[in-house]
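Work through the exercises below with the model open beside you. Try each task before you read its solution.

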Amino acid sequence: MKVVVLAGGKGTRLWPMSRENFPKQFISINGVFEESPLKATIHRISAICGPRDIFIVTAKSYKHLVESQLEEIGIMANLVVEPEPKSTAPAIILAVKHMIDSGSSLDETVLVVPSDHLIKPVEGFISSVKKALKVAENGYIVTFGVKPRRPDTGYGYIEKGIELSEMVYKIKRFCEKPDFDTA
């Protein structure tokens, strides 16, 4: 399995602590993140794959920040620098192109993770990824979701369909950033 880490976002939801020149994936927040979210993400996924299987996608302006944080934790992953930031899908495609160019199989399973999420407990994440890997190996595209605590127009919503196995569902529909009443 290969892992794509998306680390090019501007971190606007955590302003003013997170700024365009130093967004949230690179900052430590006492009491929340003991280390930066990027470092925590790399440590978390290092429990399921080696550094050669990690592809971090970032903007040119953040390249030095990613390199510095990787050096600090002693993990040298593959760095993919976007020629121009576009959005999530182009970043993923660019990372997959780099995987293929570096000899990865076209049948390789790819896990895509953001670099700025707080995920605890880590063991639960690893267990979920292992379960998802089995589902993906059967030809499915897998997405993770969390039960919302309140309506929010800033997030997309997954409506689950039939259960395939324990806590694994087909997706009935996806609603991208709905209005408040729909959320």
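Predicted model: local features only at pLDDT ≥ 70, side-chain atom pairs only at ≥ 80, totals over all residues.

Residues are numbered from 1 along each chain as its sequence is written, and side-chain values use heavy atoms, with hydrogens and water left out.

**Exercise 1.** Explain why helix α1 is largely enclosed by the rest of the structure.

*Solution.* Start with the terms. Helices (H or I, at least four residues) and strands (E, at least two) are DSSP runs, numbered from the N terminus. Buried means under 20% relative accessible area (1.4 Å probe, protein chains only). Now count: 8 of the 10 residues of α1 (37–46) are buried, so the helix is largely enclosed. Among them are Leu38, Ile42 and Ile45. Next, find what they pack against: β1, β2, α2, β4 and α4.

**Exercise 2.** Find the residues with the most contacts inside the largest nonpolar core.

*Solution.* A nonpolar core is a set of buried Ala, Val, Leu, Ile, Met, Phe, Trp, Tyr and Cys residues joined through side-chain atoms within 4.5 Å. The largest has 19 residues, and Val5, Ile42, Ile45, Ile54 and Ile56 have the most contacts inside it. A second, separate core of 9 residues includes Phe55 and Met99.

**Exercise 3.** Describe how β5 and β6 are joined.

*Solution.* Two strands pair if DSSP finds at least two bridges between them. Here 6 bridges join β5 (157–165) to β6 (168–175), and the strands run antiparallel. Tyr157 has Cys175 as its bridge partner. Between the strands lie 2 residues, and Met167 takes a positive phi near 65° in this hairpin.

Technical notes. Buried < 20%, exposed > 50% of the residue type's maximum accessible area, 1.4 Å probe, protein only. Contact = heavy atoms within 4.5 Å.
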